[in-house]
Amino acid sequence: MASNILGKISKERTISAVVIVIVALAAILPGGIILAAVLYIISVIAYLELTKACGVGQKDLEGAGAGRLNALQIAGLVAITCYYAIVYIRHPEEGTLHYYPMLQYTKLDTGIMIAMFISLIILMSVYVFAFPRYDAHQVMAAYFSLVYAPMMLSFVFLTRELMYGIYLVWMIFINSWISDTCAYLVGVMFGRHKLAPVLSPKKSVEGAIGGIVGSALVGALYGWYLDAALETENLVILLFVVGAVGSVISQVGDLAASAIKRNYEIKDYGKLIPGHGGIMDRFDSVIFTAPVTYFLIIFFMR
């Protein structure tokens with residue numbers, strides 16, 4: 001009985017993983033508006049999962065709204081839409097997304113700051129004009145959910161838009177999924193010392209080191225391939241560093257998502273992905289590695 005259940009779960013996870021890879025390829029390879037649209041949808045789902053987990057989606061202080069979106073969540077969805085619109089049209093002279101020189105990212109940086117400010121104003125407006133319908137905890141959790149998932153996930157799109165972005169964007173997934181796989185394998189074989197026994201009893205220090213080394217080595221091999229294929233230089237060193245640092249951040253992201261679930265006493269963020277849970281359960285490490293990968297690449301390529 002137990003073996004049948006485990007077999008079914010394993011089959012579901014495998015099928016879901018294959019579907020995720022196919023969707024990733026279909027969105028990332030063409031890039032542009034297709035990738036932006038897919039990330040927008042994923043971000044909306046992740047935001048709703050997080051707000052529900054953190055109590056934003058609970059009934060308001062007057063006892064109304066249970067079981068449906070409340071004004072704070074709707075305001076967050078508006079903010080997400082504004083944010084992705086600003087990121088997408090960040091270069092108004094052309095009206096489309098394309099690569100431009102590394103030192104001309106002032107408009108992008110300004111656009112992101114404006115979007116974050118607008119998002120806060122939108123949420124605070126709901127808080128003020130509906131007062132005391134919602135408490136401060138719900139507002140802060142709503143803004144946290146907005147930054148944590150949608151804004152950080154948008155760096156997958158921004159990395160794809162860099163020079164050689166169609167190749168470099170895959171480092172985000174090497175940093176997260178390859179790191180996770182290596183950490184699991186090394187942990188199973190050599191794990192002795194617990195990394196975070198309260199949050200994740202199965203994770204070990206040895207596994208964490210294995211994840212870092214594995215991600216760094218795969219990154220270096222990928223860099224060696226790109227140097228040969230694209231006739232570039234030093235991508236081996238760059239992607240080795242990105243892989244190592246990204247793996248550390250990936251593991252922090254994984255544990256952070258687990259910590260939130262522990263605090264709010266939930267098993268999974270959702271049930272959208274069979275065998276995995278919700279978007280937050282599957283993309284918890286990607287959310288953290290995306291901005292780190294982007295900024296490391298920008299820093300070294302400058």
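Predicted model: local features only at pLDDT ≥ 70, side-chain atom pairs only at ≥ 80, totals over all residues.
The chain has 302 residues, of which 48% are buried. Among contacts in the chain with a separation of 6 or more, 71% are accounted for by residues 24 or more positions apart.

The packing of helix α7 (residues 170-190) against helix α10 (residues 279-301) was examined in detail. The two axes come within 8 Å and cross at roughly 135°. Angles over 145 degrees count as roughly antiparallel and those from 65 to 115 as roughly perpendicular, so α7 is oblique to α10. The crossing of these two helices is right-handed. On the α7 side, the contact is made by Met171, Ile172, Phe173, Asn175, Ser176 and Trp177. Helix α10 contributes Arg282, Phe283, Ser285, Val286, Thr289, Ala290 and Thr293. By class, seven of the residues in this contact are nonpolar, five are polar and one is charged. Phe173 and Trp177 of α7 and Phe283 of α10, which take part in the contact, also belong to one aromatic cluster together with Trp170.

Aromatic pairs were considered next. The structure holds 13 of them. A pair of aromatic rings is described by the distance of the centres and the angle of the planes. For Tyr83 and Tyr84, the ring centres lie 5.6 Å apart and the planes stand at 85°. Because planes over 60 degrees apart count as edge-to-face, the pair of Tyr83 and Tyr84 is placed in that class. Both members of this pair are buried: Tyr83 has a relative accessible area of 2%, and Tyr84 has a relative accessibility of 8%.

The pair formed by Phe144 and Tyr148 has ring centres 5.2 Å apart and planes at 45°, and is therefore tilted. Both residues lie in helix α5 (residues 136-160), where four residues, about one turn of the helix, separate their positions. With a relative accessibility of 37%, Phe144 counts as partly exposed, whereas Tyr148, at 4%, counts as buried.

Backbone geometry was also examined. The peptide bond from Phe131 to Pro132 is cis, and its omega is near 5°. Pro132 is located in the loop between α4 (106-129) and α5.

Positive phi values were found at two glutamates. Glu231, a residue other than glycine, has phi near 60° and is situated in the loop between α8 (205-230) and α9 (235-263). The relative accessible area of Glu231 is 72%, so this residue is exposed. Glu265 is likewise not a glycine and has a positive phi of about 55°. The position of Glu265 is in the loop between α9 and α10. With a relative accessible area of 73%, Glu265 is exposed.

Technical notes
Residues numbered from 1 in each chain as written. Heavy atoms only, no water. Axes fitted to C-alpha atoms, helices over the stretch in contact; angles between N-to-C directions. Parallel < 35°, antiparallel > 145°, perpendicular 65-115°, else oblique. Left-handed = near helix turned anticlockwise from the far one by under 90°. Contact = heavy atoms within 4.5 Å. Nonpolar A, V, L, I, M, F, W, Y, C, P; charged D, E, K, R; others polar. Phe/Tyr/Trp six-rings, centres within 6.5 Å; stacked < 30°, edge-to-face > 60°. Buried < 20%, exposed > 50% of the residue type's maximum accessible area, 1.4 Å probe, protein only.
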